[in-house]
Amino acid sequence: MNRQERLQSFFDFTEDDLKQNRSGNVTANQKQVLWEKTKKEAVRLFGIFAGMAVIFVFIDRVKFSSSNSPLSWGIPFVLIGIAAISVVLRIIKRSDVSLNSVSGKVDFAWEEQKIYDPENINRSTIMRKLKMRVGGRSFDVDGTLKSIIESGENCRFYVTGGGDIVAAELLNGSKD
C-alpha cells in the first residue's frame, strides 16, 4: 500500500472523494463519516457527564442518606445540562461542511499542557498531545499519521468549517 493509499485509509476517504474535494465539495460519504464521528463523541461526552452525575448522587445518598436538599439533585441536573449543551454545540460546529484547503510543509510537535488537580494546586499532571502544523493551522492528530507523513513534507489537507480533516494528499516533491 503506497502512502497516498495509507492517507486515504487514515482519513477514511476515496479517490473520488478527493476529486470532489479538489473542486471544493464535501461528498455524501465524507458527511456520513463526520456524522458517525460526531455521534461517537456525543455518546462519549454525554456518558462522562451522566456518569459523574450518577456518582455524585450515589456518594450523596451514601454519605448524607437523610439529606434531600435541592443541591443533592441540582448538581446532577446541572451536569446533565452541561453535557447536553456541549453535545449540541459540537453538533452545530461539525455541521459546517464548507470546505477549505491548507497546504505547505508539515511539522509535527508534541505539546505539553500542565493540568492542575482542583483539590491540590501543588499536584499536577502533564498531558501530551501531538500537533500537526501546516500552512498556519494546527491540528490535534494521532501518532499513526507520523508513520505516513514525515516532518517537512509538502502536503494539502481538505478541512471542513468545523475543523475536521476529510482528505489529504502528498504534493510534488514528497517521496512516495
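**Entry 1: the chain as a whole**

I began with burial: 32% of the 176 residues in the protein chain are buried, where buried means under 20% relative accessible area, exposed over 50% and partly exposed in between, with a 1.4 Å probe and protein chains only. I kept in mind that this is a predicted model, in which local features need pLDDT of at least 70 and side-chain atom pairs count only at pLDDT 80 or more, while totals for chains, interfaces and linings use all residues. Residues are numbered from 1 along each chain as its sequence is written, and side-chain values use heavy atoms, with hydrogens and water left out.

Next I listed the elements and found 4 helices and 6 strands in the protein chain. These are DSSP runs numbered from the N terminus, helices being H or I with at least four residues and strands E with at least two. Along the sequence the pattern reads α-α-α-α-β-β-β-β-β-β. I also looked at contacts (heavy atoms within 4.5 Å): among those between residues at least 6 apart in sequence, 59% join residues at least 24 apart.

**Entry 2: the sheet**

Which strands form the open sheet, and in what order? I found 3 strands, in the order β1-β5-β6, with antiparallel pairing; two strands pair if DSSP finds at least two bridges between them. β1 (99–105) and β6 (165–170) are the edge strands, each pairing on one side only. On average, neighbouring strands here are turned by 20° against each other, direction ignored. For such angles, axes are lines fitted to C-alpha atoms, for helices over the stretch in contact, and the range is 0 to 180 degrees between N-to-C directions.

I then followed the bridges. β1 and β5 (residues 154–160) run antiparallel and are joined by 7 bridges, and Ser103 stands opposite Arg156 in β5. Two helices pack on this sheet. Helix α1 (residues 3–11) touches β5 and β6, and its direction makes about 175° with that of β6. Helix α2 (residues 15–22) touches β1, β5 and β6, with its direction at about 95° to that of β6.

β5 and β6 form a hairpin with 4 residues between them, and Gly163 in the turn has a positive phi of about 95°. I noted that β6 is largely enclosed by the rest of the structure, because 6 of its 6 residues are buried.

**Entry 3: the core**

Which residues touch the most other members of the largest nonpolar core? They are Met132, Leu145, Ile149 and Phe157, out of 27 residues. I used the rule that such a core is a set of buried Ala, Val, Leu, Ile, Met, Phe, Trp, Tyr and Cys residues joined through side-chain atoms within 4.5 Å. α1, β1, β3 (120–134), β5 and β6 each give two or more residues to this core, and the largest share, 5 residues, comes from β6. Leaving out residues up to four places away in sequence, Leu145 touches Leu7, Phe10, Phe11, Phe108 and Met132.

**Entry 4: around the end of α1**

Gln8 sits in helix α1. Is Gln8 buried or exposed? Gln8 counts as buried because its relative accessibility is 15%. Beyond residues up to four places away in sequence, Gln8 touches Phe13, Thr14 and Glu15.

Asp12 lies in the loop between α1 and α2 and has a phi near 60°, a positive value in a residue other than glycine. Most residues other than glycine have a negative phi. At 42% relative accessibility, Asp12 counts as partly exposed.

**Entry 5**

Last, I looked for spaces on a 1 Å grid over the protein atoms alone: a cavity is a set of points where a 1.4 Å probe fits but cannot get out, a pocket is an open set with protein on both sides within 12 Å along at least five of seven lines, and lining residues have an atom within 4 Å of a point. The largest pocket is lined by 19 residues, with Lys37, Arg94, Asp140, Asp164 and Ile165 nearest its centre. α3 gives the most to this pocket lining, with 5 residues.

The largest cavity is lined by Phe11, Asp12, Gln30, Val33, Leu34, Lys37, Ile165 and Val166. α3 and β6 are the elements that give two or more residues to the cavity lining, and α3 gives the most, with 4 residues.
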